[in-house]
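Have the sequence and the 3D view open while you read.

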Amino acid sequence: MRDHILRFKFAGDFASGRLLAHCMINAWLTRKLPEKPNVLVPIPLHPTRLRQRGFNQSLELCRHLRSALQLPISSSAIRRIRQTTPQSQLSASQRHTNLINAFQTNPNRVVRKIVLLIDDVATTNSTLEEAAQALLRAGATRVLALVAAKAQ
C-alpha cells in the first residue's frame, strides 16, 4: 500500500490511485453503519500545493468512490485557507498544532448532512480531526472518514 500511495501522491500514478480507491470501496462496503452519508468531501490542498502537485489526491479518490458509493462529491465544502507545512515533515505533536485554523467551510454544502471525509493516509488523524471539526461547526450532522491507509 505504501508504494502505491507514494506513486499516486508524488508521481501522479493514477493507476495506483484507482487501486487504492478500489480497496477503499471494498472496505466501506463491508461496514454496517446506521446512517448513510449524504456527500463525499475530499481533504483539500492549499492552492499553492495544488499547483505544485497538479492534482488533489483526495479528490481523485472521491471521483472513483462516487459511483460505487452512489454519493455526490462536494469539493467546495471545505478549503484550506492557510498554507501549512506538509504533515509528513512534522512530529506527532507538531501535526496537531500545524492545522489549527487551516480550514474554512461552506455551510451551504454541509448543513444537516452526514459527510464522508476522504483522504489518502491517516497518521495521527490530525488532518481528519481538524477538517471534521470545521465541518461540524458549519452545521454537518455527522462526519465520517475513509482513508486508503492508516500509518502505524
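What follows goes from the whole chain down to single residues.

First, some ground rules. This is a predicted model, so local features need pLDDT of at least 70 and side-chain atom pairs count only at pLDDT 80 or more, while totals for chains, interfaces and linings use all residues. Residues are numbered from 1 along each chain as its sequence is written, and side-chain values use heavy atoms, with hydrogens and water left out.

## The whole chain

How many helices and strands are there in the protein chain? You'll find 7 helices and 5 strands. Both are DSSP runs numbered from the N terminus: helices are H or I with at least four residues, and strands are E with at least two.

Now for the overall dimensions. The C-alpha trace spans about 35 × 35 × 30 Å along its principal axes. The radius of gyration of the protein chain is 14 Å, which agrees with the value near 15 Å that a compact globule of 152 residues would have. That radius is taken over C-alpha atoms, and the globule rule is 2.2 Å times the number of residues to the power 0.38.

What about inside and outside? Buried residues make up 45% of the 152 residues. Here, buried means under 20% relative accessible area, exposed means over 50%, and partly exposed is in between, using a 1.4 Å probe and protein chains only. The protein chain exposes about 8,100 Å², with carbon and sulfur atoms supplying 49% of it. Those areas come from the Shrake-Rupley method with a 1.4 Å probe; for residues, only the protein chains shown count as cover.

Contacts tell you how the chain folds back on itself. A contact means heavy atoms within 4.5 Å. Of the contacts in the protein chain with a separation of 6 or more, 75% are between residues 24 or more positions apart.

As for charge, the chain carries 22 positive and 8 negative side chains, and the centres of the two sets lie 5 Å apart. Lys and Arg count as positive and Asp and Glu as negative, with His and the chain ends not counted. The place of a charge is taken as NZ of Lys, CZ of Arg, CG of Asp or CD of Glu.

## Two cores

A nonpolar core is a set of buried Ala, Val, Leu, Ile, Met, Phe, Trp, Tyr and Cys residues joined through side-chain atoms within 4.5 Å. Which residues touch the most other members of the largest one? They are Leu-40, Leu-65, Leu-116 and Ile-118, out of 21 residues in that core. The elements giving two or more residues to this core are α1 (2-11), α2 (14-29), α4 (57-69), β4 (114-122) and β5 (142-150). The largest share, 5 residues, comes from α2. There is also a second, separate core of 19 residues, which includes Ile-43, Ile-78, Val-110 and Leu-135.

Ile-118 is worth a click. This residue sits in strand β4 and counts as buried because its relative accessibility is 0%. Leaving out residues up to four places away in sequence, Ile-118 touches several residues, including Met-24, Leu-40, Val-41 and Leu-146. Leu-146 is 28 residues away from Ile-118 along the chain, yet their C-alpha atoms are separated by 5.2 Å.

| Residue | Relative accessible area | State |
|---|---|---|
| Glu-60 | 15% | buried |
| Asn-98 | 12% | buried |
| Asn-125 | 28% | partly exposed |
| Gly-54 | 59% | exposed |
| Arg-112 | 69% | exposed |

Glu-60 belongs to helix α4. Not counting residues up to four places away in sequence, Glu-60 touches Phe-8, Phe-14 and Phe-55. Asn-98 is in helix α5 (residues 92-98), and its contacts beyond four places in sequence are Arg-82, Thr-84, Thr-85, Gln-87 and Leu-90.

Now to the loops. Gly-54 is in the loop between α3 (47-53) and α4. Arg-112 is in the loop between α6 (107-110) and β4, and has a positive phi of about 60° although it is not a glycine. Asn-125, in the loop between β4 and α7 (126-137), has a positive phi of about 70°, and is not a glycine either.
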